Amino acid sequence: MSHDLPPAAQDTDSAAKEGLARIANNRRVQAIPSSGTADRLVNRIIASLPPLEQKRLAEAADLVALRSGSTLSEAGGRIDHVYFPLGAVIALQAPVVDEATLQVGLIGPEGAFGSILMEGVPLSPVRAEVRL
């Protein structure tokens with residue numbers, strides 16, 4: 001993963017920074033690139049961190065390439081990593097009836113999936129699927 005992240009665009013809550021650092025120290029961080037250009041490969045949460053925190057997170061993170069349709073978690077399934085989309089989106093789907101799902105959210109380069117791990121909750125309430 002590139003360690004040359006853009007300077008902080010905005011300040012982030014200190015509890016969130018501590019949580020991200022704790023997750024990074026446990027090597028539970030993944031970044032999802034898309035086939036887009038390099039200028040699109042920026043996650044706003046990471047970009048909002050001070051340069052030293054960006055570097056620490058980048059050193060602990062693994063850059064993973066996932067195909068559109070890849071499942072990050074099933075509803076009720078275990079979350080093992082925090083994913084910071086870089087140009088891709090993560091579709092959040094809630095189960096309804098008879099194996100049907102309802103899309104309840106999208107996470108793009110402005111967010112992260114799996115941040116619930118910061119609260120010590122290892123299970124996902126939704127199905128998370130990568131979309132490019």
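**Notes on the predicted model**

1. Glu 53 and Arg 56 both belong to helix H3 (residues 51–60), where they are three residues apart, about one turn of the helix. The two form a salt bridge, with 3.2 Å between the closest N and O atoms. Arg 56 counts as partly exposed, at 35% relative accessibility. The model is a predicted one.

2. A further salt bridge joins the side chains of Arg 127 and Glu 74 (3.3 Å, N to O). Arg 127 lies in strand E7 (residues 127–131) and Glu 74 in the loop between E3 and strand E4 (82–86), so this pair ties together parts 53 residues apart in sequence. Arg 127 counts as buried at 18% relative accessibility, whereas Glu 74 is partly exposed at 41%. Glu 74 and Arg 127 are linked with Glu 129 and Arg 131 in a network of salt bridges.

3. Arg 78 and Asp 80 also meet through their side chains in a salt bridge (3.1 Å, N to O). Asp 80 is partly exposed, with a relative accessible area of 38%. The count of salt bridges comes to six.

4. Four strands make an open sheet in the order E3-E7-E5-E6, with antiparallel pairing. Strand E3 (71–73) and strand E6 (101–107) are the edge strands, each pairing on one side only. On average, neighbouring strands of this sheet are turned by 30° against each other, direction ignored.

5. Strand E5 (residues 89–95) and E6 run antiparallel and are joined by six bridges. Ala 94 stands opposite Leu 102 in E6. Leu 102 is partly exposed, with a relative accessible area of 49%. Together with Val 96, Val 97 and Val 104, Leu 102 makes a nonpolar surface patch of about 360 Å².

Conventions. Residues numbered from 1 in each chain as written. Predicted model: local features only at pLDDT ≥ 70, side-chain atom pairs only at ≥ 80, totals over all residues. Heavy atoms only, no water. Pairing = 2+ DSSP bridges. Helix = DSSP H or I, 4+ residues; strand = E, 2+ residues; numbered from the N terminus. Axes fitted to C-alpha atoms, helices over the stretch in contact; angles between N-to-C directions. Patch = residues over 30% accessible without salt bridge, like charges linked within 9 Å, V, L, I, M, F, W, Y side chains within 5 Å. Areas by Shrake-Rupley, 256 points an atom, 1.4 Å probe, with all protein chains shown as cover. Salt bridge = Lys/Arg side-chain N within 4 Å of Asp/Glu carboxyl O. Buried < 20%, exposed > 50% of the residue type's maximum accessible area, 1.4 Å probe, protein only.
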